[in-house]
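Here is a briefing on one chain, for reading beside its coordinates.

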Amino acid sequence: MVPVSTYGASKLAGEALISSYCAMFDLTGCAFRFGNVVGPRQTHGVGFDFLRQLLVDDESLTILGDGSQSKSYIHVSDVIAAVLLAAQLSGGPFSTYNVATGDYITVSEIAQLAIAAIGGSPERTRIHYTGGDRGWRGDVPIVRLDTQRIRGLGWSNAMSTREALASALDDLLVDFRNGNISS
């Protein structure tokens with residue numbers, strides 16, 4: 001069985017504390033759980049790491065794990081739209097929302113997007129996998145978020161996971177090439 005991301009007791013306790021505070025002082029609050037957020041000016045993440053490697057050597061790319069890790073990636077503009085809509089339409093003293101695209105991509109597929117972003121060739125770039133089902137200690141190989149509650153407010157993502165990553169990679173590439181980020 002492959003573990004799927006769940007939120008631990010401490011996060012739920014935090015939400016309970018905020019919820020209680022909102023009810024006690026007649027406030028309105030929202031908590032959000034985001035998929036992997038991507039967009040301009042990123043300073044970390046799998047796309048960032050892949051571009052950094054490929055700009056040094058476009059013929060070799062190391063992937064942590066086996067590349068099958070699968071997650072949703074959401075563009076920051078979609079996150080902002082969800083938060084603003086929830087702030088406007090949430091009922092009751094406290095609501096929690098999962099915000100993600102609802103589609104997923106593997107790390108190996110992200111590698112192919114990164115290779116394409118730099119104008120590289122998938123045939124020329126050798127991919128090396130470190131092995132295992134996780135990219136790093138504590139990584140959750142498969143993450144799925146139920147977004148029905150935020151979608152019930154009328155929100156929908158403008159970009160798919162693939163579109164969000166492609167846009168973020170293009171933005172990162174500009175930053176790398178302009179010297180805003182060192183490779």
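Glu59 is partly exposed, because its relative accessibility is 36%; buried means under 20% relative accessible area, exposed over 50%, and partly exposed in between, with a 1.4 Å probe and protein chains only. This is a predicted model, in which local features need pLDDT of at least 70 and side-chain atom pairs count only at pLDDT 80 or more, while totals for chains, interfaces and linings use all residues. Residues are numbered from 1 along each chain as its sequence is written, and side-chain values use heavy atoms, with hydrogens and water left out.

**Overall layout**

- The chain has six helices and eight strands. Both are DSSP runs numbered from the N terminus: helices are H or I with at least four residues, strands are E with at least two.
- In sequence order the pattern reads α-β-β-α-β-β-β-α-β-β-α-β-α-α.
- Along the principal axes, the C-alpha atoms fill a box of roughly 60 × 40 × 25 Å.
- The chain has 183 residues, and 39% of them count as buried.

**Salt bridges**

- The count is five salt bridges. The rule asks for a side-chain nitrogen of Lys or Arg within 4 Å of a carboxyl oxygen of Asp or Glu.
- Glu59 pairs with Arg124, with the closest N and O atoms 3.9 Å apart. Glu59 lies in the loop between H2 and strand S3 (60-63), and Arg124 in the loop between helix H4 (107-117) and S8, so the pair ties together parts that are 65 residues apart in sequence.
- Arg124 is partly exposed, with a relative accessible area of 38%.
- Salt bridges with shared partners join Asp58, Glu59 and Arg124 into one network.
- Glu109 and Arg162 form a salt bridge at 3.5 Å, N to O. Glu109 is in helix H4 and Arg162 in helix H6, so this pair ties together parts 53 residues apart in sequence.
- Glu109 is partly exposed at 32% relative accessible area. Arg162 is partly exposed at 40%.
- Asp133 and Arg134 also form a salt bridge, at 3.4 Å from N to O. Asp133 counts as partly exposed at 31% relative accessibility, and Arg134 is partly exposed at 33%.

**Aromatic rings**

- A search of the whole structure gives three aromatic pairs. Rings of Phe, Tyr and Trp (its six-membered ring) pair if their centres lie within 6.5 Å; planes under 30 degrees apart count as stacked, over 60 as edge-to-face and the rest as tilted.
- Phe32 and Phe34 are stacked, at 5.9 Å centre to centre and 10° between the planes. Phe32 is partly exposed at 24% relative accessibility, and Phe34 is partly exposed at 33%.
- The ring centres of Phe48 and Phe176 are 5.4 Å apart and the planes meet at 35°, so this pair is tilted. Phe48 sits in helix H2 (residues 46-56) and Phe176 in helix H6 (residues 161-177), 128 residues apart. Phe48 and Phe176 are buried.
- Ring pairs join Phe32, Phe34 and Tyr97 into a cluster.
- The charged end of Arg144 sits over the ring of Tyr104, 3.7 Å from its centre. The test is NZ of Lys or CZ of Arg within 6 Å of the ring centre and within 35 degrees of the ring normal.

**Strands**

- S1 and strand S6 (residues 94-99) run parallel and are joined by six bridges; strands pair if DSSP finds at least two bridges between them.
- Phe32 stands opposite Tyr97 in S6.
- His128 is in strand S8 (residues 126-129) and is partly exposed at 35% relative accessibility.
- The C-alpha atoms of His128 and Leu61 are separated by 6.1 Å, although these residues are 67 residues apart along the chain.

**Nonpolar surface patch**

- Which residues make the nonpolar surface patch of about 450 Å²? Tyr21, Met24, Phe25 and Leu27 do.
- Patches are made of residues with over 30% relative accessible area and no salt bridge; like charges are joined within 9 Å, and nonpolar side chains (Val, Leu, Ile, Met, Phe, Trp, Tyr) within 5 Å. Accessible areas come from the Shrake-Rupley method with a 1.4 Å probe, and for residues only the protein chains shown count as cover.
- Leu27 lies in the loop between helix H1 (9-24) and strand S1 (29-34). Leu27 is partly exposed, with a relative accessible area of 39%.
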